[in-house]
Structures are given as C-alpha cells and as structure tokens.
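Me: I would like to learn how to read a protein model. Could we go through some features one by one?

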Amino acid sequence: MAEASLRTIDDVVCGFCGLGCDDLTVEVEGREVRASGAVCPEAARLLRRMDMPDRGPSVAGAPVSLDEATQAARRLLGEARAPVFAGLGVDMAGAGALADLAVRFGGVLDHYASDGLFANYAAAQRTGWLSTTLAEVRNRCDLLLVLGEDPAATWGRLFERLYPEAPLFAGAPRRVVFLGGAPGEKARRQLAGAEVSHLAADDVVAALEALGVFAAGGQPPGTSFGGVPAQDISALAEALRGAHYAVVTWNAGGLAQGDLVAEFATKLVDSINLVTRAGVFPLGGRDNIIGVNQLLLWRLGYPLRTAVRGQASAHDGALYATGQALADADLLVWTSAFRPEPPPAFSGKVIALAHPDTQFDKEPDVLIPVGTPGVDHAGTVFRMDSIVSMPLGALRVATLPSVAEAARGLAEG
C-alpha cells in the first residue's frame with residue numbers, strides 16, 4: 001500500500017472558542033491531522049487526529065450498526081414525555097437539524113455553555129448596551145479594560161487578536177488595564193507593544209461600580225473600592241474619559257457575579273460615551289453558542305433555554321436552563337461535536353450524538369459518534385461578536401456522520 005502523502009493546508013478556520021482565528025496551518029497525512037505553527041494549545045488538542053478507526057455506534061454499550069442505533073434513538077424520542085436537547089456544541093447545519101427534531105418531538109433547547117450568555121442578557125435586557133466588534137477593537141481601541149481573571153487562559157490568542165502590532169487607526173501608546181486578576185505570562189507576551197497595568201481588585205463589582213461613578217463625574221464615599229485605592233479608580237476613570245476609543249471586556253461565564261459585572265460595565269460605557277467613544281466586548285462563543293442562539297432566534301423567535309411544545313414555544317432563562325430542565329425530563333439528547341464534552345449526570349434515558357473520544361461515566365442508552373465540524377466535514381459557525389459567520393472546511397475524509405446527518409436520520413420514519 002502506498003504511503004499517504006503529506007499535505008499542508010494554510011488559512012484554516014478554527015471553530016472551537018469563538019475567536020474565529022482564520023490563519024491556522026494544519027498538516028494532513030492520510031486521516032492524521034495535526035496543527036502546525038502559531039496555534040493555541042486548545043486548538044492544537046482539538047484539531048489533533050490519529051489515523052485510526054473511530055468509535056462506532058452503540059446501544060446500552062453494545063456495538064450496533066448506525067441504522068440500529070438510529071432506530072433505537074427514534075423509539076426513545078417517540079416514547080419521551082419531556083426531552084431536553086442539551087450540549088448543542090454544533091455547527092449551523094447541525095443546529096438547524098436539532099431544532100427540527102425538537103419541533104417534531106417537543107423539548108427544551110439549551111447550550112451547555114449558556115450561563116455566561118444569560119448573565120450578559122440580564123444586563124442587556126435591563127439597559128441595552130453599546131457593543132463593539134473584533135475588528136473595531138483591533139484597529140481603533142487605545143485603552144482596553146479587562147475585568148476579572150486573565151482571559152488568555154481560556155482564549156489562547158485573545159490579545160494577539162485584539163492588539164496587533166500595526167492597527168489601522170489606533171495611535172500609540174495603546175494601554176491595557178486589568179481590573180481583578182493579574183495578567184499572565186502569555187498575556188504580557190502578546191501585549192509586549194502596549195502599556196500594561198494591573199489593579200488588584202478583590203471585588204470586581206465594587207471596584208467597577210465606583211469606577212462608573214467616577215466616570216460620570218461623581219465622588220463615591222470611601223477611600224478604597226473592592227480593594228483598590230480610590231485615587232487609582234479615579235485615575236482610571238479619567239484615562240477612560242480621555243481615550244479615543246475605550247473598550248471594556250469580560251467573561252461573564254467565569255465570574256461569580258457575571259450579571260452585575262455586565263450591568264456595571266454597560267453603565268460605565270454609557271458614561272464614557274458622553275465625552276468620547278467606547279464599547280463593550282463580552283467574551284464567549286465556545287462551540288458555536290452564538291450561532292446556535294442566533295438560529296433559535298431566527299427560527300423560534302426566542303433564544304436558548306426555550307421549550308417547544310406542539311406548535312408553540314416558550315422561553316424562560318431559569319426554568320429551561322439545562323440543570324433545571326433535567327429535573328422534569330425523561331430523556332436527554334446530548335450533542336457535542338467540537339470536543340469530547342460529557343453529558344451531565346442524569347437518571348433518565350440518554351441519546352448522545354457525541355465526539356468519538358467522549359468518556360462517559362455511564363454509557364448512554366444510544367450513542368451515535370459524530371464528526372467534528374472543521375475537521376471531518378465543512379460547516380459554519382459564528383464568531384463571538386455575533387456579526388461574522390466563519391466557514392469551516394473538511395480536513396480529512398469523514399467516516400462518521402455529521403450532527404445534521406445523524407439528526408435528520410432520527411427525524412425520518
């Protein structure tokens with residue numbers, strides 16, 4: 001047998017974390033895939049594939065054919081009283097097929113990473129917000145305020161993407177202020193051309209609330225706020241008001257009071273916009289949560305955490321969160337195609353359309369391994385700023401169905 005030739009593919013789009021990096025280089029040899037060059041550790045891990053057979057479908061842990069697994073899953077769906085369609089780590093085609101499945105059989109729809117999204121929604125629904133985009137931050141922002149812990153631990157190339165060496169419009173010096181956790185080595189390395197400072201707040205909400213008062217021209221009572229001296233908070237407020245384009249960013253999913261951080265960040269940006277230009281840039285987007293949420297808004301008129309019953313839909317951000325919805329469910333349809341994310345503990349029946357490397361505490365009642373968008377098949381995902389859809393290409397010949405193909409199979413018959 002002839003050896004597989006080595007191919008190098010440039011400008012590969014990564015669909016895993018929401019940054020939408022589109023400059024990756026990947027080496028493909030037969031069915032083996034590995035990232036090369038500048039790539040974050042998470043993308044390198046999730047892109048990596050060995051040239052070995054993928055795990056096959058199973059029913060109660062016993063290997064079966066795809067047709068047998070599909071028939072068993074269809075029976076469970078037909079018998080279910082209250083299904084929950086959770087995980088939802090899928091591309092746009094997969095999201096559409098799962099929405100069709102929920103419309104046919106009924107059930108709740110929620111993404112496993114939606115806590116941060118709904119913390120941000122809580123603020124946006126109360127006050128609205130002035131948000132910005134990745135391109136605007138890259139090219140115009142001259143003062144970036146980072147709230148909470150260093151986000152570079154989650155988004156490996158974040159500051160490389162936000163603060164390039166040669167922005168189109170932002171002048172020097174560009175500043176970055178961390179309010180909360182200290183910047184790590186990776187962040188400092190990527191921000192080598194910027195002025196980086198750190199205000200070690202032990203209570204980000206208290207410090208941020210005071211910052212908003214200072215920025216609005218007020219004088220809050222006290223000598224320190226959240227562990228940060230008042231004079232440092234006041235100086236930061238003046239710097240924000242004096243910036244040409246200030247941006248405030250945070251990861252609501254990693255904050256204990258993410259909804260309050262989002263609310264006070266929004267109020268701060270409102271105050272700054274009275275004298276200069278500013279915007280919020282909330283972080284998120286893991287496993288196409290933004291795209292799935294957009295699709296449900298288009299299809300149902302509601303975001304994630306929506307229940308479909310017959311011809312009607314109802315949304316409740318608390319009642320239809322995965323953990324709460326499972327308390328009243330008898331079937332969990334778990335989908336995670338981008339990574340081997342296992343389902344939460346659940347005593348009822350489980351259908352898993354899962355990454356083939358997923359490790360389960362208990363084998364699902366029906367397992368249908370699925371391919372990964374951007375590795376095994378082409379697809380589309382949305383970037384974290386919600387305005388750009390990114391095309392994912394296939395890197396190797398697929399031996400597993402896509403989520404869309406598997407879900408359409410469950411709907412047939």
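Me: Which residues lie nearest the centre of the largest cavity?

Reply: Keep in mind that this is a predicted model. Rolling a probe the size of a water molecule over the atoms shows where empty space is left. Here, Cys-14, Cys-17, Cys-21, Cys-40 and Ala-43 lie nearest the centre of the largest cavity, which has 14 lining residues. Its volume is about 90 Å³. In the lining of the largest cavity, 10 residues are nonpolar, two are polar and two are charged.

Me: How many cavities of 30 Å³ or more are there?

Reply: The count is four. The second largest cavity holds about 40 Å³ of space. Among the residues lining the second largest cavity are Cys-14, Gly-18, Gly-20, Arg-383 and Met-390. By class, that lining has four nonpolar, five polar and one charged residues.

Me: Is Arg-383 buried or exposed?

Reply: A residue counts as buried when its relative accessible area is under 20%. Arg-383 has 12%, so Arg-383 is buried. Arg-383 sits in the loop between β20 (379-382) and β21 (389-392).

Me: What does Arg-383 touch, beyond residues up to four places away in sequence?

Reply: Leaving those out puts the attention on contacts from elsewhere in the chain. Arg-383 touches Gly-18, Leu-19, Gly-20, Leu-134, Ala-135, Ile-290, Val-388 and Met-390.

Me: How much space lies in the largest pocket?

Reply: A pocket is open, whereas from a cavity the probe cannot get out. The largest pocket has about 720 Å³ of space. It is lined by 35 residues, and Leu-117, Asn-120, Leu-283, Gly-284 and Ile-290 are the closest to its centre. Two or more lining residues come from each of α4 (114-127), β14 (277-282) and α11 (289-300).

Me: Which element gives the largest share of that lining?

Reply: Helix α4 does, with six residues. Sorted by class, the lining of the largest pocket has 16 nonpolar, 15 polar and four charged residues.

Me: How do I read a sheet? What is the order of the nine strands in the open sheet?

Reply: The order is β5-β4-β19-β18-β17-β6-β7-β15-β16, and the pairing is mixed. At the edges are β5 (62-63) and β16 (312-315), each of which pairs on one side only. Within the sheet, β18 (residues 349-354) and β19 (residues 366-369) run parallel and are joined by four bridges. Ala-354 has Pro-369 in β19 as its bridge partner.

Me: How far apart are Leu-76 and Asp-365, in sequence and in space?

Reply: Sequence and space are separate scales, and both should be read. Leu-76 and Asp-365 are 289 residues apart in sequence, while their C-alpha atoms are 9.1 Å apart in space. Leu-76 belongs to helix α2 (residues 66-79). Its relative accessibility is 16%, so Leu-76 counts as buried. Setting aside neighbours within four places in sequence, Leu-76 is in contact with Leu-331, Lys-349, Ile-351, Asp-365 and Val-366.

Me: What span should helix α10 have, and what do its end C-alpha atoms show?

Reply: Helix α10 (residues 258-272) has 15 residues and, at 1.5 Å a residue, should span 21 Å. The end C-alpha atoms of α10 are 21 Å apart, so the two values agree.

Me: How many residues of α10 are buried?

Reply: Helix α10 is mostly covered, with 11 of its 15 residues buried. Among them are Val-261, Phe-264, Leu-268 and Ile-272. The buried residues of α10 pack against α4, β8 (143-148), α8 (204-215), α9 (230-242), β13 (245-250) and β14.

Note on methods. Residues are numbered from 1 along each chain as its sequence is written. This is a predicted model: local features need pLDDT of at least 70, side-chain atom pairs count only at pLDDT 80 or more; totals for chains, interfaces and linings use all residues. Side-chain values use heavy atoms; hydrogens and water are left out. Two strands pair if DSSP finds at least two bridges between them. Buried means under 20% relative accessible area, exposed over 50%, partly exposed in between (1.4 Å probe, protein chains only). Contact means heavy atoms within 4.5 Å. On a 1 Å grid over the protein atoms alone, a cavity is a set of points where a 1.4 Å probe fits but cannot get out, and a pocket is an open set with protein on both sides within 12 Å along at least five of seven lines; lining residues have an atom within 4 Å of a point. Grid points are joined across faces, edges and corners, and a volume is the space filled by probe spheres set on the points. Ala, Val, Leu, Ile, Met, Phe, Trp, Tyr, Cys and Pro count as nonpolar, Asp, Glu, Lys and Arg as charged, and the others, Gly among them, as polar. The expected span of a helix is 1.5 Å times one less than its number of residues.
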